[in-house]
Structure formats: C-alpha cells, structure tokens
Amino acid sequence: MRTSIRMLTVGAAAALLLGCVSGPAASKGADGADRSRVLVFSKTAGFRHDSIPEGIAAVRELGATGGFAVDATEDAGAFTARNLARYDAVVFLSTTGDVLDTTQQSAFERYIKRGGGYVGIHAAADTEYDWAFYGGLAGAYFQSHPAIQPATVTVEDRSHPATSGLPRSWERTDEWYNYRSNPRDRAHVLASLDESSYTGGTMNGDHPIAWCQEYRGGRAFYTGGGHTKESYAEPAFRQHLLGGIRYAIGAAQADCRPENGYRPLFDGTNESLTAWKQAGPGSFSLSDDGTLTSHGGLGMLWYAGSEFGSYSLKLDWRVAGDDNSGVFVGFPESDDPWSAVDNGYEIQIDATDAPDRTTGAVYSFQSADVKKRDRALNPPGEWNTYEIRVEGERLRVWLNGVKINDFTNTDPVRSLRDGHIGLQNHGADDQVSFRDVRIKELPTKGD
C-alpha cells in the first residue's frame, strides 16, 4: 500500500464524497487493518457499454475477496487532489469521450505523479483523445473494432499477476479493439491477439491487447477485454482483472519495463530443452503449463547451446516456501556442477540465509540492496522476474524491474566475459520453479 497518497482521515474523505460516490468510506477491514482502496470511474460522454454494471459488480466482488475496498462513481467531481489521495488506484471502466475538465485532469496527473495507480478496461482507450498525458498513461487509443467473436490471446508475460494464471494460448470471446498505435515500445506487453484466429485485426500481426507500465511516477495496467457482460463472469478474465488491480495498487510487484529483442532459451516446450543438459544429481520436471521445477540435487541444468559474453538474461521464478536455488553465469562447459560454483557466479534465490546468500545476492560475494530487494520481492507462491545483465566484468541484477545489485568481478579466475548459464537444483527439500528463460545479446563493452 502506498500510504504517501492516502492523506485524509476516513471521516473527512467520506464528507468529500457525499453524494458522488457509492460504496463504503471506511478504509479498514473487519480486523481493523488498513486496506487498499480503489475508485471505479465509469462516466461516458460517447458510446455507453451496457456491461458497466457487471464490471462494477465484478470489481466489488474481487475487492471483497482480494482485500481492497471499492467505491464507484460517474461524477467527475471526485477528481480532486484531496479526494484522489484516498485511493491506491483508479479504474477507468469503459469510459468514453471527454470525461474530465482541465482542473480534474490536472488533479489526476498530480495523483499519478505522486505514485497513484491506473487501471484501464476496454473503452478506457476510447477516452480523452486530446489529453496527451492520458494517452500515454493508457498506452494506446482505440481506432476500430470488428464484430464480437472468438479469438486466441497469446500470453507473452507469464509472471505478471494479471497473466500468470492464464494458459499460453487463451481462447475467449470479446470485442477486439484495434489501436491507433502499437504500445510495445513504450509499455510492457502482457498479451497479444493472434490476428489469424479471427477477422478484422488491423495491426499487421503485432496486436497487443493487455499491457502494463510505470508512467510518470505511477503504475498503469490496461486490458482491451471487457466489452461483453459475460466477460465479468469468466473466472479467467476476473483473475486477469484482479492481477492488474493488484499490480496497480502495489499489492504485487512486476517488471513492466518495455521488453524487446529477447529470444527464448527455454519457452516452456520440450523442444526448447534440447540445448540444455543436467550436470550432477537431481533433475527438473516440465509441467503441462510450461513450468520447470527442480527436484533433488545438488545439480544444475545448464544451457549448452552456446556461451555468452555480453547480454541481458531474463527469467521468471517462484518458490513455494523457504526454498533454495540460483542462477549461475560465467562458467565453463562441464558436467560437474561444482565447476560453476568454483568458476562462475550464482545469483541466489533463498529467503532466509545470510545477506550475501539470500535472494538477489551474488552468492558469498555481494549482498543485494536488501531494502530495495524486500520492496520489490513477491512472496512465496507468486512469480518473480530476474534480469541479470552482464557487460564486461560488470554484473547487475534487477528484481521485478528494480535494480538490487551491481557487482564488478576482479578475480581473473572468474571472468564474466564469456561463459554458460545454468539453473540450480539445490536439494531434496528445495523445489523452485522457472518459466520463460530468454536472452538479448548486447554490444561488447569495456569495464
């Protein structure tokens, strides 16, 4: 929860919203603990979707089970600096046209810049065409749409809370928007449409349909789904919305930086494992949803297809509890996992060891920035994303988009300038899961 934007007492906030917002004004749960609060805004100045009541009801129900309070309004008068400070995120639910005046726009801009969250659903992209700040926040403007029909949604990011529970190919029926621009270079695309699976797509085969970003100090999530009433009864779509809201309010962390130019080393298929080898005891199992899980050890699954010298490596990982694993870089080819220990570096995954041996540490050499690590880390049971960037002898680590370690090798035995990468299977009591290992090779630089 971002307490910095929650400025008012409950009573004062309730008075401000009297007559313009439906829903409870209290911000504490039944146990007395503070809860996050979300404002659903559904004013329309153009086409009005008849699914708006179902959307409001769905967000209320998600809040009831997901631990956040929900207010709903169609009164733009709610967009004042003092009132917006009550909320961790504002959901624009199928808004259309010009819904805020310039004073209200300024208040919302300040809210986002102070760390507020934004969730855009469906026609939120058909809103405020002359307000450049909003266009950047939403990510793209609506252009057109074909008839409602089934389509295949390709889930590109399977660690973000909005998409981590979805299949790689998500079949569903909705009204599929075309957009005036492609947000891929500005935002992090979570899911895209397979234009060959339906008729009427106009984005030349690269058709994002859900994305997230950090924008001007705030967090933003947008989904193009949600036209139909039936959408809000779909369990998968409801989980998609819940994950997007959780990201926007800061209850879940994710890497929402734009991601382009990566190629897969492991994409969830058996075929992509042909270039990988197991060194030492133990193994990894591959589940139907494309997840690798470690078993036994101490061993390592390593990529034998090539060595790498200057690169950005990204991968998603999840622990069930206090489990131990790590990502090895910069080691020579070997069937002995101890060769990686002795000649490379391990980026650790472990919740409770010493600071130089816990998550984000360069194992036994340098601790992560623990405060930044703790703020960026998702708890056991949820997915996290590492970026491990190696340039020359410099090794940097990002966790869910936050840089938590910056290490420079000075040991000539352990040069990072070339070497293999590997995933550790630590032991019988340690089960750690991995998804979507991908790499982008970088221009070679000096130290």
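Trainee: How many of the 15 residues of α6 are buried?
Mentor: First, this is a predicted model, where local features need pLDDT of at least 70, side-chain atom pairs count only at pLDDT 80 or more, and totals for chains, interfaces and linings use all residues. Residues are numbered from 1 along each chain as its sequence is written, and side-chain values use heavy atoms, with hydrogens and water left out. Helices (H or I, at least four residues) and strands (E, at least two) are DSSP runs, numbered from the N terminus. Buried means under 20% relative accessible area, exposed over 50%, partly exposed in between (1.4 Å probe, protein chains only). F237, L241 and Y247 are among the buried ones in α6, and the helix is mostly covered, with the buried count at eleven.

Trainee: Which strands stand at the edges of the open five-stranded sheet?
Mentor: Two strands pair if DSSP finds at least two bridges between them. The order is β13-β16-β23-β18-β19, paired antiparallel. Each edge strand has a single partner, so one side is left without a neighbour in the sheet; these are β13 (276-279) and β19 (345-350).

Trainee: What is the bridge partner of V329 in β19?
Mentor: β18 (residues 324-331) pairs with β19 over six antiparallel bridges. For V329, the partner in β19 is Y345.
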